[in-house]
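Please keep the sequence and the model in view while reading.

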Amino acid sequence: MLSFESDYNTGAHPAVLKRLAETNAEPLPGYGADPYCERAKEKIRKACGCPEAEVEFLVGGTQANAVVISTMLRDFEGVIAARTGHINGHEAGAVEYTGHKVLEVPHKDGKIEAAVLKKFLADYYADLNHEHMVFPGMVYISYPTEYGTIYTREELTALSDICRAYRIPLFLDGARLGYGLMSSACDLELADIAKLTDVFYIGGTKVGALCGEAVVFTKKNRPCHFMTSVKKRGALLAKGRLLGVQFDALFTDGLYFEISRHAIEMAEEMAAIFREAKLPFYLNSPTNQQFIILENDQMERLKKQVRFGFWEKYDESHTVVRFATGWSTTKGDIEALRELLKECQ
């Protein structure tokens with residue numbers, strides 16, 4: 001059975017597993033107070049071009065989103081996100097569970113437009129009853145978005161400028177950050193992300209690690225007693241070494257970007273196959289997630305031999321599905337998909 005269901009449907013990249021095995025018997029302090037975590041943090045600071053960055057490792061994306069948002073917001077504040085934003089749709093209410101409302105705004109191909117954000121904030125403060133409403137205390141975006149789209153330098157700068165004007169932090173969910181940065185459509189570098197945001201995270205779970213995300217506070221703005229808050233929220237890993245060793249490996253010799261580039265190359269080949277098969281795209285995604293529209297009967301036949309993700313109903317007879325590539329996707333997988341698509345025409 002072929003699987004393009006997600007970019008974390010296999011384990012860790014062999015180089016990451018190798019380092020975990022090599023360090024497995026080494027006794028180390030817990031909770032991230034080990035030399036591998038410190039070494040990984042320094043490598044991340046260097047890669048970000050941000051020597052003053054404060055880096056913390058969390059076990060997964062849901063935990064990173066919920067912990068960062070709940071520790072940076074005051075109790076009367078909520079977080080602005082696109083209607084399709086991960087924290088608004090596929091996070092099972094994790095942010096609301098912390099006591100903070102997600103303030104939904106419209107999107108365009110998964111992205112928040114600067115004009116939309118500016119109007120939302122202006123309208124909020126123009127409302128004479130705003131003291132009775134949840135204050136907008138943060139803006140959340142993801143890069144890439146849920147639809148695999150990416151912000152341009154101009155777009156991200158515009159959002160950053162608005163956040164500065166309203167004195168609220170811009171938080172970038174980078175669960176798939178590597179795939180955005182390695183896209184041929186990207187005009188940003190990691191250093192730009194660090195400069196334009198107040199906090200972001202570098203996803204490991206979806207980019208070659210067994211688990212883990214590296215949260216980067218870029219403006220000396222890490223919440224006070226952050227580790228205590230992480231533990232209080234049930235997100236502190238006792239064997240923090242597991243995260244440090246993995247990110248140390250990912251940020252050695254450019255492995256993180258190599259993994260991401262490979263997945264992009266495979267996604268581009270996969271997109272070419274979809275075009276050959278004359279399958280319509282739901283939208284243009286320049287990253288490792290590709291969204292196509294299948295007839296329902298065709299989808300049922302195809303899923304007997306290949307796993308992919310349901311995305312949304314398109315109409316009564318068609319469904320939008322997602323195919324994703326990752327570190328373990330091979331050219332053989334892509335060729336096998338080509339043959340299956342021929343059979344399902």
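Strand E7 (residues 199–203) and strand E8 (residues 213–217) run antiparallel and are joined by five bridges, with Ile-202 standing opposite Ala-214 in E8. Helix H2 (residues 35–48) packs on the sheet, where it touches E2, E7 and E8, and its direction makes about 125° with that of E2. Contact here means heavy atoms within 4.5 Å, while axes are lines fitted to C-alpha atoms, for helices over the stretch in contact, with angles running from 0 to 180 degrees between N-to-C directions.

This is a predicted model, in which local features need pLDDT of at least 70 and side-chain atom pairs count only at pLDDT 80 or more, whereas totals for chains, interfaces and linings use all residues. Residues are numbered from 1 along each chain as its sequence is written, and side-chain values use heavy atoms, with hydrogens and water left out. Helices (H or I, at least four residues) and strands (E, at least two) are DSSP runs numbered from the N terminus, and two strands pair if DSSP finds at least two bridges between them.

E7 and E8 belong to an open sheet of seven strands with mixed pairing, in the order E2-E8-E7-E6-E5-E3-E4. Its edge strands are strand E2 (54–58) and strand E4 (102–105), each of which pairs on one side only, and the twist averages 25° from one strand to the next.

Within this sheet, strand E5 (residues 135–142) is mostly covered, with eight of its eight residues buried; buried means under 20% relative accessible area, exposed means over 50%, and partly exposed lies in between (1.4 Å probe, protein chains only). E5 pairs in the parallel sense with strand E3 (residues 77–82) over four bridges, and the partner of Val-79 in E5 is Met-138. Four bridges also join E5 to strand E6 (residues 170–173), again running parallel, with Tyr-140 opposite Phe-171 in E6. Together, E5, helix H7 (residues 153–166) and E6 make a right-handed β-α-β unit, a term which means that, with the strands pointing away from the viewer, the path from the first strand over the helix to the second runs clockwise.

An open sheet of three strands, with antiparallel pairing, has the order E9-E12-E11. Strand E9 (289–295) and strand E11 (309–315) stand at the edges with a single partner strand each, so one side of each is left without a neighbour in the sheet. Neighbouring strands are turned by 30° against each other on average, direction ignored.

| Antiparallel pair | Bridges | Opposite residues |
|---|---|---|
| E9 and E12 | Seven | Phe-291 and Arg-322 |
| E11 and E12 (residues 318–324) | Five | Asp-315 and His-318 |

Six of the seven residues of E9 are buried, so E9 is largely enclosed by the rest of the structure. Helix H12 (residues 255–276) lies across E9 and E12, running at about 20° to E9. Helix H14 (residues 331–343) has as its buried residues Ile-334, Leu-337, Arg-338, Leu-340 and Leu-341, and what covers them includes H12, helix H13 (296–302) and E12.

## Nonpolar cores

A nonpolar core is a set of buried Ala, Val, Leu, Ile, Met, Phe, Trp, Tyr and Cys residues joined through side-chain atoms within 4.5 Å. The largest one has 57 residues, of which Ile-44, Phe-200 and Ile-202 touch the most other members. A second, separate core of 23 residues includes Ile-69, Val-102, Tyr-140 and Val-199.

## Residues in the loops

His-130 lies in the loop between helix H6 (114–126) and E5, and counts as buried at 17% relative accessibility. Pro-144, in the loop between E5 and H7, is joined to Tyr-143 by a cis peptide bond with omega about -5°.

Most residues other than glycine have a negative phi, and most peptide bonds are trans. Arg-167, in the loop between H7 and E6, has a positive phi near 55° and is exposed, with a relative accessible area of 77%. His-225, in the loop between E8 and helix H10 (226–232), likewise has a positive phi, of about 50°, and counts as exposed at 59% relative accessibility.
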